[in-house]
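Let's take a friendly look at the salt bridges in this model. The structure comes next, followed by a walk through the pairs.

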Amino acid sequence: MLTFTKQPSETYTIGVPFAGKLPTGATVVSGTVVATDPAGADVSVTVLQSGTATIVANEARFRVKAGTHGTRYRITLVVTLDSSDVLEEDIDMTVENI
């Protein structure tokens, strides 16, 4: 699982590489992103720029934004391969005023 910390005012792109997890010859063709708070509520519109990942050379990219100080969010990234296989990566994002 990936983890990172950001400040509430920061907005930037996160890239998650899948090349090392792919079957031989497979490529990532699409991705979706969902964020939840510690209670499990969907907070995607609060901390994600979009629910769709951009795919660049088998790396899924998405933008994070905002968030509440002292909160750890779970971001779930689901990608679909050209073979119709599906891979998932969970990411913990902690928001802190530093």
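## How many, and by what rule

The count comes to 3 salt bridges, where a salt bridge is a side-chain nitrogen of Lys or Arg within 4 Å of a carboxyl oxygen of Asp or Glu. This is a predicted model, in which local features need pLDDT of at least 70 and side-chain atom pairs count only at pLDDT 80 or more, while totals for chains, interfaces and linings use all residues. Residues are numbered from 1 along each chain as its sequence is written, and side-chain values use heavy atoms, with hydrogens and water left out.

## Glutamate 89 and lysine 21

Glutamate 89 pairs with lysine 21, and their closest N and O atoms are 2.3 Å apart. This pair links distant parts of the chain, 68 residues apart: glutamate 89 sits in strand β7 (residues 86-95), and lysine 21 in the loop between β2 (12-17) and β3 (28-36). Strands here are DSSP runs (E, at least two residues), numbered from the N terminus.

Glutamate 89 is buried, at 9% relative accessible area, whereas lysine 21 is partly exposed at 46%. Buried means under 20% relative accessible area, exposed over 50%, and partly exposed in between (1.4 Å probe, protein chains only).

## Arginine 74 and aspartate 92

Arginine 74 and aspartate 92 form a salt bridge with an N to O distance of 2.7 Å. Their positions are 18 residues apart, with arginine 74 in strand β6 (residues 71-81) and aspartate 92 in strand β7. Arginine 74 is partly exposed, with a relative accessible area of 31%, while aspartate 92 is buried at 9%.

## Glutamate 59 and arginine 61

The side chains of glutamate 59 and arginine 61 also form a salt bridge, at 2.5 Å from N to O. Arginine 61 is partly exposed, with 33% relative accessibility.

Conventions: Helices (H or I, at least four residues) and strands (E, at least two) are DSSP runs, numbered from the N terminus.
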